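Trainee: Could you take one part of this model and go through it closely? Please connect it to whatever surrounds it, and state the cut-offs as you go.

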Amino acid sequence: MPTHNVIPILMTLFTMITIAGILVPLVKYLPGFIEKRRTREIDQMTKSAAALAVAIARHDGNSSHGARLMANYRSHADALAKLGQPVPPLVA
């Protein structure tokens, strides 16, 4: 009695096609999405560091507030430096 392997072969083939239909768009679009998100986050961090630099220059002399601003600025500056991005200078 011959065995017919058509059904298991078709099931395997359609399973592979379904998996490929899910993975191909992910492989195609995910790297661009990640790069855009990374660029957007770096831009936001740069703008935040620039805003902190202006706030440090304008703060009212409260030493604890100035220390918090400076700590935030340093953390942003360190993160940007690690990413190889330019750090906005402190405004005098």
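Mentor: N72 lies in helix 2, where helices (H or I, at least four residues) and strands (E, at least two) are DSSP runs numbered from the N terminus. The model is predicted, so local features need pLDDT of at least 70 and side-chain atom pairs count only at pLDDT 80 or more, while totals for chains, interfaces and linings use all residues. Residues are numbered from 1 along each chain as its sequence is written, and side-chain values use heavy atoms, with hydrogens and water left out.

N72 has a relative accessible area of 38% and is therefore partly exposed; buried means under 20%, exposed over 50%, and partly exposed in between, with a 1.4 Å probe and protein chains only. Between the C-alpha atoms of N72 and A49 there are 8.1 Å, although 23 residues separate the two along the chain. A77 is also found in helix 2. Its relative accessibility is 13%, so A77 counts as buried. A77 and V54 are likewise 23 residues apart along the chain, but their C-alpha atoms are separated by 14 Å.

A49 and A77 both belong to the largest nonpolar core, whose nine residues are I42, A49, L52, A53, I56, L69, Y73, A77 and L80. A nonpolar core here is a set of buried Ala, Val, Leu, Ile, Met, Phe, Trp, Tyr and Cys residues joined through side-chain atoms within 4.5 Å. Two elements, helix 1 and helix 2 (63–82), each give two or more residues to this core. Helix 1 supplies the largest share, five residues. In soluble globular proteins, nonpolar side chains tend to be buried together.

On the helix 1 side, the buried residues are I42, A49, L52, A53 and I56. These buried residues pack against helix 2, contact meaning heavy atoms within 4.5 Å.

The segment after helix 2 also comes into this region. L90 lies in that segment and touches A53, I56, M70 and Y73, leaving aside residues up to four places away in sequence. A53, I56 and Y73 are among the core residues. L90 has a relative accessible area of 42%, so it counts as partly exposed. From L90 to A51 the C-alpha distance is 9.8 Å, across 39 residues of chain. P89 is found in the segment after helix 2 as well. P89 is exposed because its relative accessible area is 64%. With residues up to four places away again left out, P89 touches A53 and Y73. P89 and V54 are 35 residues apart in sequence, and their C-alpha atoms are 9.5 Å apart in space.

Helix 1 itself covers residues 6–58. Its 53 residues should span 78 Å at 1.5 Å a residue, and this agrees with the 77 Å between its end C-alpha atoms; the expected span is 1.5 Å times one less than the number of residues. Helix 1 has a kink of about 35° at Y29, shortly before the proline P31. The bend at a residue is the angle between axes fitted to the seven residues ending there and the seven starting there.

An α-helix has 3.6 residues a turn, so residues three or four places apart point the same way. R37 and E41 are both partly exposed, R37 at 43% relative accessible area and E41 at 41%.

As for the whole protein, its secondary structure comes to two helices and zero strands. Its C-alpha atoms fill a box of roughly 95 × 20 × 15 Å along the principal axes. The radius of gyration is 27 Å, whereas a compact globule of 92 residues would have one near 12 Å; the radius is taken over C-alpha atoms, and the globule rule is 2.2 Å times the number of residues to the power 0.38. Of the 92 residues, 12% are buried. Among contacts between residues at least 6 apart in sequence, 51% join residues at least 24 apart.
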